[in-house]
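Good morning. Please have the sequence and the 3D view open while I talk. I will go through one part after another.

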Amino acid sequence: MITLFTVVIYWTSCGTMDACCTVSDNVQETRKLISTLHGLTAEIETLRSQMGRLPRDEAELVALRGRPMPPSHFGHGLISYQRDAGRDGLDGDYHLECMASHFWGCHWDIFGWIILYYGPNASRRFHVEPF
Amino acid sequence: MGKIVSAQEEQETVPANRSATEIAGHNVAWVGWMVLFGTIGILTTMGVQWLVEEWCERDRFRQSQTWMQDQMGQLRRGEINCLINPDPRFLVELLADTACAAKVRDLYLGGDLSDPRLGRVRELPNLKCIVFLFATQQSAFLERLHGMSTIEELSFDHTLLARNDVNHIGSFPRLRMLRAEALSELSDLEGLRGHPLLERLSLSAPEADNKTIPVFQSMPHLRDLTVGVRYDEKANPGSVSFEELLAKALPRCKCRVWQDGR
């Protein structure tokens, strides 16, 4: 009985602690991701002003930055850079794309999300689509 | 048959000198112990859970404080010009550093926005853009910012807006760009009627509503309008599309209509 009692308390404590820490970490991941996307856009805009044009593609952006694209912070690979000119419905000139499994500590959808972060000339800033 | 045999065996194991009353008393004692242990167990578990939650809250507090300090450091160094999901408890720290607060141009918010302390973001002197991402309870927050004169851009992603929210949005006198992905209906836009500076509008609503065209016409600077509506298979195939109506009504505005679910 005492063993069962100890196990139940241990299990409950671990579960609660794990749940609290996960939510806290997930909120932090979302913050870091937005910060990274915001910072990367600022870098791209600096490159645009220096070169008079945007990097043609991700390979050129990586070469110009001198380092690989940053991670998405969610363990779903790297952030990618895509040009939008001429693509249907995308009125800006580029966007950054990555995947996320949750926002602010909540999953909202079991399959995760595709995040599109647009450059300053687009009519939208942020768009999140279900995966 | 097997059951009968086992009952007989059980009867044989009971000492002959123990009466039925003693056996019943023994069982009641067992139930009593179980209830006592159960109650102690539940109370202890609740106590431990409370302690663990307290510990987690302290951890969250530290994490949020560190996050705010990191962001303030980046703002001071000019590395960023945005504030991401600030913990309302530390907004005072940011606002106390006027040089740092003056550098905040963009604000990203999500989750529960009901905390009244969040309303202090209206003291950020150069705040121009707010992005709402998976936000809840945004009505109270928008009410606290009512009429804020620095706001130029608002974006709502996965944040359901009601008519009252749009009324508050319409009160931002310098608003130039609005993206509202989840309006309950287009007629809720009445709060934006005659907005003096709105240039770019990107909306999404369940269905097209021709009655909103005069609202769009009443905005003198509107030059870019994107409307996403749910595809309606019952729409008359021969009728003039909403996009055509918009193009005709707003000749100087670039109009696009999206149909979801096609």
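**A two-chain predicted model**

A residue is called buried if 20 or more other C-beta atoms lie within 10 Å of its own, exposed if 12 or fewer, and partly exposed in between, with the C-beta atoms placed from the backbone. B:His158 sits in strand β4 of chain B. Its phi is near 55 degrees, a positive value in a residue other than glycine.

Some housekeeping. This is a predicted model, in which local features need pLDDT of at least 70 and side-chain atom pairs count only at pLDDT 80 or more, while totals for chains, interfaces and linings use all residues. Residues are numbered from 1 along each chain as its sequence is written, and chains are lettered from A and ligands numbered from 1 in the order in which they are written.

Now chain B as a whole. How many helices and strands does chain B have? There are 8 helices and 8 strands. Helices (H or I, at least four residues) and strands (E, at least two) are DSSP runs, numbered from the N terminus. Chain B has 262 residues, of which 31% count as buried. Two residues are in contact if their C-beta atoms, placed from the backbone, lie within 7 Å. Among contacts in chain B between residues at least 6 apart in sequence, 55% join residues at least 24 apart.

Next, strand β3 of chain B, residues 129-136. Of its 8 residues, 6 are buried, so the strand is largely enclosed by the rest of the structure. Strands of a sheet pair through backbone hydrogen bonds, either parallel or antiparallel. Here two strands are said to pair if DSSP finds at least two bridges between them. Strand β2 of chain B, residues 106-112, pairs with β3(B) in the parallel sense over 6 bridges. One bridge partner to look up is B:Ala135 in β3(B), which goes with B:Gly111. β3(B) is also joined to β4(B), residues 153-161, by 5 bridges, and these two run parallel. There, B:Cys129 has B:Glu153 of β4(B) as its bridge partner.

β3(B), helix α5 of chain B (residues 138-144) and β4(B) make a right-handed β-α-β unit. Right-handed means that, with the strands pointing away from the viewer, the path from the first strand over the helix to the second runs clockwise. In the loop between β3 and α5 of chain B is B:Gln137. Is B:Gln137 buried or exposed? It counts as exposed, because it has 12 C-beta neighbours inside 10 Å. B:Gln137 has a positive phi of about 60 degrees, although it is not a glycine.

On to helix α6 of chain B, residues 163-170. Its buried residues are B:Asp165, B:Val166, B:His168, B:Ile169 and B:Gly170. Their cover includes α5, β4 and β5 (177-183) of chain B.

The domains come next. Chain B is divided into domain 1 (78-181) and domain 2 (185-262), with bounds that come from an automatic or database domain assignment. The C-alpha centres of the two domains of chain B lie 26 Å apart. Their contact takes 14 residues from domain 1 and 13 residues from domain 2. On the side of domain 1 that touches domain 2, α6 and β5 of chain B each supply at least two residues.

B:Cys253 counts as partly exposed because it has 19 C-beta neighbours inside 10 Å. Leaving aside neighbours within four places in sequence, B:Cys253 is in contact with B:Leu222, B:Arg223, B:Asp224 and B:Leu225.

Last, chain A. In what order do the 4 strands of its open sheet run? The order is β1-β2-β3-β4, and the pairing is antiparallel. The edge strands, each pairing on one side only, are β1 (80-83) and β4 (126-130) of chain A. Strand β3 of chain A, residues 113-118, runs antiparallel to β4(A), and 5 bridges join them. A:Leu116 stands opposite A:His127 in β4(A).

A word on confidence, since pLDDT is the predictor's confidence in each residue, from 0 to 100. Chain A has a mean pLDDT of 79, and 76% of its residues reach 70 or more. Where pLDDT is low, the predicted coordinates should not be read in detail.
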